[in-house]
Amino acid sequence: MSARLAIKALNLRKSFGAIPAVQGLSLEVFPGETLGLLGPNGAGKSTSIQILTGLLQPDSGEVEVAGGNPHDPSVRMRLGVAPQALSLYEELTAAENLSFFGNLYNLAGSQLRDRIAWGLQFAGLQDRARHRVSTFSGGMKRRLNLAIAMLHEPEVLFLDEPTVGVDPQSRNHIFESIAQLRSSGLTIHYTTHYMEEARRLCDRVAIVDHGKLLALDTVPALIATYGGESQIQAEVAQWPVELSSRATVEAGILRANSAKPLEEIASWTAVGARFQTLQINSPDLESVFLSLTGRSLRD
Amino acid sequence: MQVIQLALKDLKLLLRDRTAAFFILAFPVLMGLFFGMMMGGTSGSERGKIKLAVVDEDESELSRRFVSALERNENLSVSAAKLDTAREQVRKAESTGMLVIPQGFAQSAGIFWEPQPELQLGVDPARAAEGAMLEGFTMQAMSELIQYRIERPADFLPSLAKAREALANDTQVDLVTRQLGAPLFRAIEQFIAGLPTGENAKAGEAPNNAVAAPSIQLAQIRKIDVTSKAQTLSVGGETFNLRSRWDISFPQAMLWGVLGCAAGFAISIARERGGGTLQRLLASPLSLRQILLGKALACLLASILVIGMLTLLGWLLGMRPESYPKLAMAGVCTAICFSGIMMIVSNLGKSEQSVSGVGWSLNLVMAMLGGCMIPVMFMPAFVQQASVVSPVRWAILAIEGAVWRGFSWGEILPACAVLLGIGALGFAAGTWLLSRASQDGGR
């Protein structure tokens, strides 16, 4: 396998009894890249992340992360994981949680103290360092969850649905934190079922469903390939007869599809079309998912 | 090093969980004190007495002596009552039993060749074992009347003369027997007439100590002092070197503490699994075995802490372990055993609640069978045999062996070996089960 890839998965398969969770998943993630794994609940995202972090043994296939097998403790030392479930000790304080997990990664003494201070600042919890986690809001816990994953300065960071159940303010804080990590050159593997997060944070997005990889590319490329045309909808005030062959107007409502909607609308107004309201729906990742699976990502 | 960090973290969490801390630290102390006080001291004066209602329908000097003999028995609490009242007291469980002394009791009581008066003993059916003891105490009191009679030969002589006369006049008996019987009766009469009387005996003093008359006993009863040394393997050996109530109750309390630790840490593994922290631990450079070792170490340290704390508390109350090194070994082996069991229990449920339910149910069964509630030696024989399957039995045996049974190293080692074996088996099985469960992805 190539040593220059941060993550390489080849034809991974994993079943739980008769239920296939991952079916032939192959991925390549480059160093410094943020790859988003986008799919609905039950698509196999968490199982994939568990295989990539060495928590689960695949039934078949090969995995290489940070240049080695993730089951190897020396490789796991270079990985950071923020699980979907809040993996914190509620009866310990924020500082105690950071200290405990830091110890597991051989951090000690002044190095540990420095990293705890960094973690508290990263999570925005400097003034809550001595407070027990059980007193924190969901957003504060999520931020601490992320800080712990980054405490030992890993080469590859795995984030499993890091914004589930958080308030908008904390979500923004997490987005900013991840953006900061991206800019530092960290490789991030990010699973989510929120299109907005994938679009905003990821260099490339892999769309998965039923344990299968359906498409993998940058967001614009995915939209261009699978998103289809923009949808135009308008209440028409005036609609010249000569345009009747280019769009259908029923009961005063115009509905049309176009790859270049603004140009299209400009050409209509040039010949006398007038609108009371006008709405353009550009294709997005939802359209991509709909196009690939025949159903909505939110289903 | 990381294993120690894991253990320290668990101990810190334990101390911050008030419910778990109560069951591990306070509950065993309460159990030890409760059972210790329930068992009473090793001296009879502190033990609960059997309540006996006595109905004296004879109201003679002899019947009063008989009642007095019963009252002197330190195991009995005797009260006088009318027949109906006595019956009510037993029915309402206010008395264990009732004893009716019939009219005419004085005529023949204590004269061993006369038909004995019929005493009526009624016992609460729910306290059959104490009923058997009451029968024994009644016989004991009757034996004192025989001695009382012998001390007063004059009481015997009319009865003897009457018997001699009846024999002489009984034509159904052949002539030779009648002729031989007459001198025999005279010889007995002369022997009794020549005995020293007990007139000078002080009232209330035990007859066998008061006079030099030949003593007659209805049964050979030997009292054993359970607080002194006795031969191992003998009945008395069961209570070898038992010095105080705390010698029995505190080993039991130690086991309650260790059981609390095992249940608490089994629940903590389930909590880690449910809460997601186990996933984070498994994603760290630690192996599953190291993680479980950390848990086992925490359980082990907490168990040893509890045993140490209870040893100290027991010592302050009067428990004096025969051998501290043996107690330390028994304690460590017990802690290892239940740390292993904890590993299995933690896998017997999917949620914290189910592990808690399974853990405490299993604890109760092991505790009941193993002698954590009632000492094994007080159990029926078949239960004693069945109790060998309970690790609690072996743990209590090892700890009691060090505290008051006076076990040698050779005697304590088998129990410790069983405990270590169970611990090793538990650790291996628990690791395998958790490994399998984690590969099921929590399903």
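Predicted model: local features only at pLDDT ≥ 70, side-chain atom pairs only at ≥ 80, totals over all residues.
Local features need pLDDT of at least 70 and side-chain atom pairs count only at pLDDT 80 or more, while totals for chains, interfaces and linings use all residues. Residues are numbered from 1 along each chain as its sequence is written, and chains are lettered from A, and ligands numbered from 1, in the order in which they are written.

A nonpolar core is a set of buried Ala, Val, Leu, Ile, Met, Phe, Trp, Tyr and Cys residues joined through C-beta atoms within 7 Å. A residue is buried if 20 or more other C-beta atoms lie within 10 Å of its own, exposed if 12 or fewer, and partly exposed in between, with C-beta atoms placed from the backbone.

The largest core has 152 residues, and among those touching the most other members are Leu255(B), Val258(B) and Ala398(B). Helix 10 of chain B (residues 245-275) gives the largest share of this core, 16 residues. A second, separate core of 26 residues includes Val55(B) and Tyr148(B).

Helices (H or I, at least four residues) and strands (E, at least two) are DSSP runs, numbered from the N terminus. Helix 6 of chain A spans residues 168-183. Its two sides carry these residues:

| Side of helix 6 of chain A | Residues |
|---|---|
| Buried | Ser170(A), His173(A), Ile174(A), Ile178(A), Leu181(A) |
| Turned away, exposed | Pro168(A), Gln169(A), Glu176(A), Gln180(A), Ser183(A) |

Gly185(A), with a positive phi near 95°, follows helix 6 of chain A.

Methods. Expected span 1.5 Å × (residues − 1).
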